[in-house]
Amino acid sequence: MTVKVKICGVRTPAILETAVAAGADFVGLVFFATSPRNLGLQEAASLVEAARGRVATVAVMVDPDDALIDQVAQTVSPDLLQLHGHETPERVAAIKARTRLPVIKAIPVAVAADIAAADAYAGIADEILFDAKAAPDAALPGGNGVPFDWRMLAAARPPFGLSGGLNPGNIAEAVRLTGAHLVDVSSGVESAAGVKDEELILRFIQGARGATQQQAKAS
Ligand SMILES: O=C(O)c1ccccc1NCC(=O)[C@H](O)[C@H](O)COP(=O)(O)O
């Protein structure tokens with residue numbers, strides 16, 4: 001199994017090129033006004049145009065209303081959507097029907113009981129992404145660079161994605177321990193909030209690919 005890698009919070013053409021050259025499968029474009037990774041619609045549209053056919057683009061939104069959904073779908077035209085808020089299964093289904101785009105649903109995890117929340121999205125979301133639940137006083141619902149206890153994912157139904165506090169130093173262990181088929185990183189490949197680092201992106205993707213090879217040998 002080859003682990004798919006998503007580099008989230010891409011903001012510039014140069015970092016998009018780095019992610020493509022390093023072999024990323026997905027790049028995330030964040031639409032969340034107070035995030036240091038937030039993009040305007042036109043900036044995002046330019047990145048999507050440059051990415052088309054080379055790496056899949058994911059528009060990351062938090063409890064978006066229909067107006068934002070329509071603006072992003074029509075102006076930015078990403079390959080997928082990622083819903084990172086409190087969207088119900090019914091809302092996810094409605095957004096999918098409205099846009100005809102595949103949807104990644106983020107499930108926030110702090111305690112073992114949180115894993116079961118994913119079950120309600122079976123057959124609705126195209127991908128489940130278990131992410132660390134943000135602290136109550138956190139400024140952002142995602143992209144905080146904080147991991148959760150991966151052992152809780154023993155109760156998760158594969159396939160699933162993993163994010164939250166991943167970085168070049170822990171990605172191999174994270175893949176080995178969880179069996180995640182998708183890994184998603186933001187803070188762990190940044191030199192400062194919202195500033196992606198080319199070297200860290202390369203090392204992260206190499207680490208994910210290396211972990212895949214070891215896992216394949218063991219099975
Ligand atoms: O990254 C953001 O700024 C962000 C803002 C609002 C909602 C979601 C956001 N990011 C979602 C992601 O997909 C991140 O990659 C994921 O939460 C992991 O982040 P990190 O722990 O920093 O690697």
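Reply: Start with burial. A residue is buried if 20 or more other C-beta atoms lie within 10 Å of its own, exposed if 12 or fewer, and partly exposed in between, with C-beta atoms placed from the backbone. The model is predicted: local features need pLDDT of at least 70, side-chain atom pairs need pLDDT 80 or more, and totals for chains, interfaces and linings use all residues. Numbering runs from 1 along each chain as its sequence is written.

The residue is F160. It sits in the loop between β6 (127-132) and β7 (161-163). Helices (H or I, at least four residues) and strands (E, at least two) are DSSP runs, numbered from the N terminus. F160 has 19 other C-beta atoms within 10 Å, so it counts as partly exposed. Its contacts, leaving out residues up to four places away in sequence, are I128, F130 and A180. Contact means C-beta atoms, placed from the backbone, within 7 Å. E127 is 33 residues away in sequence, yet its C-alpha lies 6.5 Å from that of F160.

The peptide bond from P158 to P159 is cis, with omega near 0°. Most peptide bonds are trans, and most residues other than glycine have a negative phi.

Two non-glycine residues take a positive phi. D63 has phi near 45°. It lies in the loop between β3 (56-61) and α3 (66-76). D63 is partly exposed, because 13 C-beta neighbours fall inside 10 Å. R100 has phi near 60°, in the loop between α4 (89-99) and β5 (103-109). R100 is exposed, because 7 other C-beta atoms lie within 10 Å.

A180 was one of the contacts of F160. In α5 (residues 171-178), I171, A172, A174, V175 and T178 are buried. Seen down the axis of α5, these buried residues fall within an arc of 165°, so they line one face of the helix. That arc is taken over the directions from the helix axis to the C-beta atoms.

Another loop, between β5 and β6, carries A112. A112 is partly exposed, because 13 other C-beta atoms lie within 10 Å. Its contacts beyond four places in sequence are M152 and A155. R151, 39 residues from A112 along the chain, is 8.9 Å away by C-alpha.

The largest nonpolar core has 64 residues, and I7, V27, L29 and V183 make the most contacts inside it. Such a core is a set of buried Ala, Val, Leu, Ile, Met, Phe, Trp, Tyr and Cys residues joined through C-beta atoms within 7 Å. Beyond four places in sequence, V27 touches residues including I7, V10, L16 and A19.

Last, the ligand. Of the 26 residues around it, C8, S35, G142, G143 and S187 come nearest. β2 (26-31) and β8 (182-185) are the elements that give two or more residues to this shell. A residue counts as near if its C-beta atom, placed from the backbone, lies within 6 Å of the molecule.

Note on methods
Two residues are in contact if their C-beta atoms, placed from the backbone, lie within 7 Å.
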